[in-house]
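Have a look at the picture first, then read on.

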Amino acid sequence: MKRKFLLMALAAFCFVKNAASQDTITVMQYNLLNYGNITYYCPADTNKASDKNNWIRTIVNYVNPTVFTVNEMNYQAKFHDSLLNNALNVNGINYYRKAPSTNIAGSGLINLLYYDSRKVECVGRYVAQSFLRDATVYKMMYKSPDLADGDTIYFYCILVHLKAGDESYDTDNPEQRDSMAVGVMRWIDGFDRTHDKNVMIMGDFNVYTSDEPA
């Protein structure tokens, strides 16, 4: 199995609650490399979901992400639950939830979002594009202390997993990545976000050079 199994991006940003205080939201993204999916390069003896659960559990316990997004998750719900129940909601923790998945593209691997339900809620789900793999969009709501008065902040997490492989492997790969990226950007341009302008695009872009059209 590839040793680069986990590709992580981490971001933290602050929401102002009132003039005297603020809250920090931490977002973490991973490529899980065929979680629950057995291939010739990720065979059963080196690609156990239980092993990955143990590693993710250690990292999540350290980072405490508010939003945890993943690529290369098996499309079957039992694997979605496996990560939730064996890596996130463990050791007395019970507040992580999983957002609904999408798979219009019919891929064997999908994107997924997990979140700390004490701080945020998933209130919307869309698909920005579905060429080869879905680019899944989650609308998240911050649970402000003033939520009862309608005071909150919304933000979007756009999960992408662009086509892998450079031109030496398949000359169509850069063009396919470009098509997927263009589909996402068109969705962003066309979606009415008059009051919801906080957008994060995350995932595995698989871009090999800065000259790629994507």
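Which residues point one way from S7, and which the other way? Ala 135, Val 137, Lys 139 and Met 141 point one way, while Thr 136, Tyr 138, Met 140 and Tyr 142 point the other way, and all are buried. Keep in mind that this is a predicted model.

**The sheet**
- Four strands make up an open sheet, in the order S6-S7-S8-S9, with mixed pairing.
- S6 (120-129) and S9 (198-204) sit at the edges with a single partner strand each, so one side of each has no neighbour in the sheet.
- From one strand to the next, the twist averages 25°.

**Who pairs with whom**
- Strands of a sheet pair through backbone hydrogen bonds, either parallel or antiparallel.
- S6 and S7 go antiparallel, with 8 bridges, and Tyr 126 stands opposite Val 137 in S7.
- Their hairpin has 5 residues between the strands, and Leu 132 there takes a positive phi near 70°.
- S7 and S8 also run antiparallel, joined by 6 bridges; here Val 137 stands opposite Ile 158 in S8.
- S8 (residues 154-161) and S9 run parallel, with 7 bridges, and Ile 158 stands opposite Ile 201 in S9.

**What's tucked away**
- In S7, 8 of the 8 residues are buried, so the strand is largely enclosed by the rest of the structure.

**The helix on the sheet**
- H3 (residues 173-190) packs on the sheet and touches S6, S7, S8 and S9.
- The direction of H3 makes about 125° with that of S6.
- Buried residues of H3 include Met 180, Val 184, Trp 187 and Ile 188.
- The buried residues of H3 pack against S6, S7, S8 and S9.

How values were computed:
Residues are numbered from 1 along each chain as its sequence is written. This is a predicted model: local features need pLDDT of at least 70, side-chain atom pairs count only at pLDDT 80 or more; totals for chains, interfaces and linings use all residues. Side-chain values use heavy atoms; hydrogens and water are left out. Two strands pair if DSSP finds at least two bridges between them. Helices (H or I, at least four residues) and strands (E, at least two) are DSSP runs, numbered from the N terminus. Axes are lines fitted to C-alpha atoms, for helices over the stretch in contact, and angles run from 0 to 180 degrees between N-to-C directions. Contact means heavy atoms within 4.5 Å. Buried means under 20% relative accessible area, exposed over 50%, partly exposed in between (1.4 Å probe, protein chains only).
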